[in-house]
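The sequence and structure come first.

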Amino acid sequence: MMGCVMPASHHASDATAVSRRILAGAATGIRPFIRAQGGAPDDVFDRVGLDGRCIEDSRASLDLAAYVNLLEQAARHTGQDNFGLQYGRGYRPEMLGLIGEIALAAPTLGSALETLATWFPWHQQATETRLTRWNGRWQLSYRILDGSIVDRRQDSELTMGMFMNVLRACLGPGWTPEIVFFEHPRPDHWKQHEAVFDAEIFWNQPTNAILFRNCAFDRPMPQASRENLARLTGELGRLTGSRGAPRLIDHVKGEIRRLLATGEVHVEAVAEQAGLHRWTLQRRLAEEGVSFSDLLEETRKTLARGYIAQRHLPLTEIAYMLGYSEMSAFTRACHKWYGASPRTLRGGLAG
């Protein structure tokens, strides 16, 4: 069974061991929550190869892929399709460990959000978090950069709940965002999301985000302390060592997934996001034995199977989400990948 991941200083010579980690504070309270949903926590931990004792120390490190899978398996095991949503709605900032303490110690709400966006990738590596202005609103966004982590809906919904509760810690329990973005398709029981966030929800977006108007950014945080903020950020930096990064191939897959939501998947945009010239990116991929078109097709194929299994999603909508302008093109792709049409595949997959 996989144990806890050692701190960065213990793995300085092993790049792959430090590239995708998350501090165990992200799983605070998951044992009793699984039980409350009628599940057996240790069975879920066994399914994903995690030692359940690891989550008892909020500053311990977990493998990010195993953590994300833990949430997905918990949803399947308990039969609670909106597991991450319900878990996140009650997830207070102080439960998050260091990154939650950092947000609460910031002097004002505005600095708390800026600090959260800056330091969250140290708490959870291979991750992008940003606080930006968008269409007259503030946007606090989040996405996992590693495209090899495919099934991550529960993590996305949990994290948006966490972010909302950081603002509620300052503005009160009645505060809600105006809009919420999710990168995954609309789930079956999506009305629960509208109820939890009391906001308009948009699905299949390039990133996960909460959007809101100006809201008292100068209001003091409840545990404001510049001294504690400096101490805690220093501790987080020393503990995790870096923001981490996925392998180039996995980064490219992640950017392809993001761009599929926009309908425009171009190698130039991926290269720019990776900080490389187009030709440099293509050369480096060739050195890995793959091409950009290979990764585009692999990403579509992987996402297609998961989408098709969600019976509430129309097949024509899935074709659009995968970047196909016509259903016939999607059907031809499925025949190439699986030897069957999307409709036939859906009949053979569990819902």
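## Arg258 and its surroundings

Not counting residues up to four places away in sequence, Arg258 touches Arg143, Pro206 and Gln273, where contact means heavy atoms within 4.5 Å. Arg258 and Arg143 are 115 residues apart along the chain, and their C-alpha atoms are separated by 9.2 Å. Arg258 lies in helix α11, residues 248–260; helices (H or I, at least four residues) and strands (E, at least two) are DSSP runs, numbered from the N terminus.

## Basis of the values

This is a predicted model, in which local features need pLDDT of at least 70 and side-chain atom pairs count only at pLDDT 80 or more, while totals for chains, interfaces and linings use all residues. Residues are numbered from 1 along each chain as its sequence is written, and side-chain values use heavy atoms, with hydrogens and water left out.

## Packing of α11 and α13

Helix α11 packs against helix α13 (residues 278–287) at an angle of about 125°, with the axes 10 Å apart. Axes are lines fitted to C-alpha atoms, for helices over the stretch in contact, and angles run from 0 to 180 degrees between N-to-C directions. The two helices α11 and α13 are therefore oblique to each other; angles under 35 degrees count as roughly parallel, over 145 as roughly antiparallel, 65 to 115 as roughly perpendicular and the rest as oblique.

Leu248, Ile249 and Val252 in α11 meet Leu281, Arg284 and Leu285 in α13. By class, this contact of α11 with α13 has five nonpolar, no polar and one charged residues. Ala, Val, Leu, Ile, Met, Phe, Trp, Tyr, Cys and Pro count as nonpolar, Asp, Glu, Lys and Arg as charged, and the others, Gly among them, as polar.

## Packing of α6 and α7

The axes of helix α6 (residues 98–105) and helix α7 (residues 109–123) come within 9 Å and cross at roughly 165°. Helices α6 and α7 are therefore roughly antiparallel to each other.

From α6, Ile99, Ile102 and Ala103 meet Ala112, Thr115, Leu116, Trp119, Phe120 and His123 of α7. The residues of this α6 and α7 contact divide into seven nonpolar, two polar and no charged.

## The whole chain

The protein chain has 17 helices and seven strands. Its C-alpha trace spans about 60 × 45 × 45 Å along the principal axes. Buried residues, those under 20% relative accessible area with a 1.4 Å probe and protein chains only, make up 55% of the 351 residues. Of the contacts with a separation of 6 or more, 70% are between residues 24 or more positions apart.

How values were computed
Buried means under 20% relative accessible area, exposed over 50%, partly exposed in between (1.4 Å probe, protein chains only).
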